[in-house]
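Here are my notes on the model you sent over.

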Amino acid sequence: MLKSKEINKFPMNANKKLTMPLALFMVIIVILSLLPIDALETKIKHKFNTLVLIKLNIENSFKVPIDISFIQNILHFPFYALLAFLWMGFFNKRGIGLMKAALYTLGITFFLSLSLEFLQLFLAERTASFMDLLLNLSGSLSGIGGYWLINKKLSVEQILPDKQKTGIS
């Protein structure tokens, strides 16, 4: 846990760059998770005729029907991977270690996922799914892992000098 002196070291303005995209992305996930799929498909058909034509073209070319709920299920993974990546950056900018940040991020993304699946139990147009939880969890883990790898690579590049700058061959 950060002490009050440590929290004051990080000005709020520096954190707004991460806070706003993170909050906006979470709102988008909540809306998409609770919006009835039929209503979403109808809005897509009315607003984006080009997407409907692309969908029909793909279906005719590959002789495979494309179901909007299947696409929605596939999107769980990258959405939660990006969400976890954003949360890792959020915690890292606050000076929280990677292990704690990973645990916090996993807790937040799992709680969000579980809450949304629970709320879907009460919506007639939506169904809660254990597969959605697994996709969300695997997406979160990959986002955490991706952040961890990028952070590790950046820290190694900062520690090791560039060969050309030092004259070492």
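**Notes on the helices and a few side chains**

1. Let's start with K152, which sits in helix α7; helices here are DSSP runs of H or I with at least four residues, strands are runs of E with at least two, and both are numbered from the N terminus. K152 counts as exposed because its relative accessibility is 52%, where exposed means over 50% relative accessible area, buried means under 20%, and partly exposed is in between (1.4 Å probe, protein chains only). From K152 to L98 the C-alpha distance is 10.0 Å, across 54 residues of sequence.

2. Before going on, a word on the ground rules. This is a predicted model, so local features need pLDDT of at least 70 and side-chain atom pairs count only at pLDDT 80 or more, while totals for chains, interfaces and linings use all residues. Residues are numbered from 1 along each chain as its sequence is written, and side-chain values use heavy atoms, with hydrogens and water left out.

3. Now the overall picture. The chain has eight helices and zero strands. Of its 169 residues, 25% are buried. For contacts (heavy atoms within 4.5 Å) with a separation of 6 or more, 74% are between residues 24 or more positions apart. The chain exposes about 11800 Å², with 71% of that supplied by carbon and sulfur atoms; accessible areas come from the Shrake-Rupley method with a 1.4 Å probe, and for residues only the protein chains shown count as cover.

4. Back to α7, which covers residues 130-159 and includes W148. Is W148 buried or partly exposed? It is partly exposed, because its relative accessible area is 30%. Leaving aside neighbours within four places in sequence, W148 is in contact with L98, M99 and A102. F85 is 63 residues from W148 in sequence, with 9.0 Å between their C-alpha atoms.

5. I144 is also in helix α7, but this residue is buried, because its relative accessible area is 6%. Beyond four places in sequence, its contacts are A84, M88, A102, T105 and L106. The C-alpha atoms of I144 and A84 are 5.8 Å apart, though 60 residues separate the pair in sequence.

6. D132, again in α7, is one to look at. It is buried yet has no salt bridge, and R126, the nearest side chain of opposite charge, is 5.4 Å away. A salt bridge here needs a side-chain nitrogen of Lys or Arg within 4 Å of a carboxyl oxygen of Asp or Glu; for charge, Lys and Arg count as positive and Asp and Glu as negative, with His and the chain ends not counted. Apart from neighbours within four places, D132 is in contact with N73, H76, E117 and Q120.

7. Helix α6 runs over residues 98-120, and its 23 residues should span 33 Å at 1.5 Å a residue; the end C-alpha atoms are 32 Å apart, which agrees. The expected span is 1.5 Å times one less than the number of residues. Among the buried residues of α6 are L98, A102, T105, E117 and Q120.

8. Last, α4. I54 lies in this helix, residues 49-62, and is partly exposed because its relative accessible area is 43%. L51, I54, I58, F62 and V64 make a nonpolar surface patch of about 470 Å². Patch residues have over 30% relative accessible area and no salt bridge, with like charges joined within 9 Å and nonpolar side chains (Val, Leu, Ile, Met, Phe, Trp, Tyr) within 5 Å. After α4 comes K63, with a positive phi near 55 degrees.
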